[in-house]
Amino acid sequence: MSSTTIALESFVRALPKTDLHVHLDGSLRLGTLIELAREHRVELPSYTEAGLIEQVFKPRYKNLPEYLEGFRYTCAVLQTPEALERTTFELCADCREEGVDYVEIRFAPQLHVHPGLSLRDVAKAVHRGIRRAETAFDGRSDGRPPFRAGMIFCALRYFNEFFSDEYRRLKDVHQFSAPEEVFAFASLELARAAVKLKNEEGLPVVAFDLAGQEKGYPASQHARAYQAAHEGFLGKTVHAGEDYGPESIFQAIGDCHADRIGHGTWLFDASKVGPKVKDPQAYVERLAQYVADRRISIEVCLTSNQQTVPELAGDLRLHPFGKMRQRRLSTTFCTDNRLVSSTTVTKEILRAVEAFGLHAEEVRDILIYGFKRSFFPGTYLEKRAYVRQVIDFADAVLERFFPGTTQGLHRRKS
Ligand SMILES: [Zn+2]
């Protein structure tokens, strides 16, 4: 590694960062997964870290099903409050260790619910993990912003009876309903839970999300759930444009009031626009313009996209992040799954810097945007004060690594 690479890595690690798109069940420590599997008698293909990396959590995946394989094991060990609390705390610790000061931890509570564990218990366990982390990482005197975290509830576009006890129960009691009605009902129930737990019990449930297989399972089927989240003043994000076209992104915005989009990989791909649209090229142009203008943020997960989208696997420069930057879309770097994608926020940024030639000030601006577009669990005034602290800290880091730059930044602002 050259000295420039080392300096760049130290700079990125030192900067304040966010992770606005990270799944709890995709971000366990391998050692913890093995320990919990032993404790709960969950069968793993290997009980060594090297064995699991070779067989399950690979550096590269053949396709999406192979990518998703690991979640079977991680979800199986996350069925107790203790396991949920512990893995949440460890995720926060891993974030803090690389200078990620703000994180929104997302998970699908219904994957962890069973007769011995209610949805409220699941949320409270994750909250305990967050609270422990916030207390443990508080009080540092180096000027770093305090560590903060929120949680995002994920509904699933599709599930079957093998996903979890709760999903099996939902299928069982709605045997005469169409599958899409059951999916829609499950997500509506979850949205209502999110609103109640936030507004009445004070849990930091900051937003509602929709995840899972996109093709064939449109977001519009979950419009009622999003309406409930909207009426409860929750933040809204949707996994969209990951394995389906630009219209899926528009549905997320139009039908689900999305403030942010997870991935948005096919935003510019006119070839993926359906036959109802007369001029696909004009459609994607207008959509991109709309997304830019409304400051709808794209949660960009470079490594994860390369692992699940074969077209992007060979060369990161093919990723639409370049176009997003050119058009000044609001973007933020996220890991998606720290374990499954074998990545960190620092790695994501370094890869972006290398592939897209970002300079130091651009990196600073994108990172600060992550804080601004977060669904911060506090009042707007508290958020402003936090962001101010972040900006001052980021500028101090920039000045330390690239002396003289911040004067230029202040000139540019005026
Ligand atoms: Zn995701």
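Val12 counts as buried because 26 C-beta neighbours lie inside 10 Å; a residue is termed buried if 20 or more other C-beta atoms, placed from the backbone, lie within 10 Å of its own, exposed if 12 or fewer, and partly exposed in between. The model is predicted, and local features need pLDDT of at least 70, side-chain atom pairs count only at pLDDT 80 or more, and totals for chains, interfaces and linings use all residues. Residues are numbered from 1 along each chain as its sequence is written.

Val12 lies in helix α1 (residues 3-14), where helices (H or I, at least four residues) and strands (E, at least two) are DSSP runs numbered from the N terminus. Leaving aside neighbours within four places in sequence, Val12 is in contact with Thr346, Ile349, Leu350 and Val363, contact being defined by C-beta atoms, placed from the backbone, that lie within 7 Å. Val12 and Val363 are 351 residues apart along the chain, yet their C-alpha atoms are separated by 8.3 Å.

Strand β1 (residues 17-23) contains Asp19, a buried residue with 29 other C-beta atoms within 10 Å. Beyond four places in sequence, the contacts of Asp19 are Cys95, Val100, Val103, Cys334, Thr335 and Val345. With neighbours within four places in sequence set aside, Phe371 is in contact with Thr18, Tyr102, Val387 and Val390. The C-alpha atoms of Phe371 and His21 are 13 Å apart in space, and the two residues are 350 residues apart in sequence.

The largest nonpolar core has 111 residues. Such a core is a set of buried Ala, Val, Leu, Ile, Met, Phe, Trp, Tyr and Cys residues joined through C-beta atoms within 7 Å. The residues with the most contacts inside this core are Ile105, Val126, Cys154, Ala194, Ala229 and Ala252. Helix α8 contributes the largest share of the core, 9 residues. In soluble globular proteins, nonpolar side chains tend to be buried together. Not counting residues up to four places away in sequence, Ala194 touches Phe153, Val205, Phe208, Ala229 and Leu234.

Helix α8 (residues 179-199) packs with helix α9 (residues 223-231) at an angle of about 5°, and their axes are 8 Å apart. Axes are lines fitted to C-alpha atoms, for helices over the stretch in contact, and angles run from 0 to 180 degrees between N-to-C directions. This angle makes α8 roughly parallel to α9, given that angles under 35 degrees count as roughly parallel, over 145 as roughly antiparallel, 65 to 115 as roughly perpendicular and the rest as oblique. On the α8 side, the contact involves Ala184, Ser187, Leu188, Leu190, Ala191, Arg192, Ala194 and Val195, which meet Arg224, Ala225, Ala228 and Ala229 in α9. The residues of this contact comprise 9 nonpolar, 1 polar and 2 charged; Ala, Val, Leu, Ile, Met, Phe, Trp, Tyr, Cys and Pro count as nonpolar, Asp, Glu, Lys and Arg as charged, and the others, Gly among them, as polar.

The buried residues of helix α6 are Val122, Ala123, Ala125, Val126, His127, Gly129, Ile130 and Ala133. These residues pack against α5 (81-97), β2 (100-107), β3 (148-156), α8 and β4 (205-211). Helix α10 (residues 246-254) is mostly covered, with 8 of its 9 residues buried. The buried residues of α10 pack against β5 (235-240), β6 (260-263) and α11 (280-293).

Loop residues were also examined. Most residues other than glycine have a negative phi. Arg41, in the loop between α2 (30-39) and α3 (49-55), has a positive phi near 50° and counts as exposed, with 7 C-beta neighbours inside 10 Å. Arg295, in the loop between α11 and β7 (297-300), has a positive phi of about 55° and counts as partly exposed, with 14 C-beta neighbours inside 10 Å.

Key. Two residues are in contact if their C-beta atoms, placed from the backbone, lie within 7 Å.
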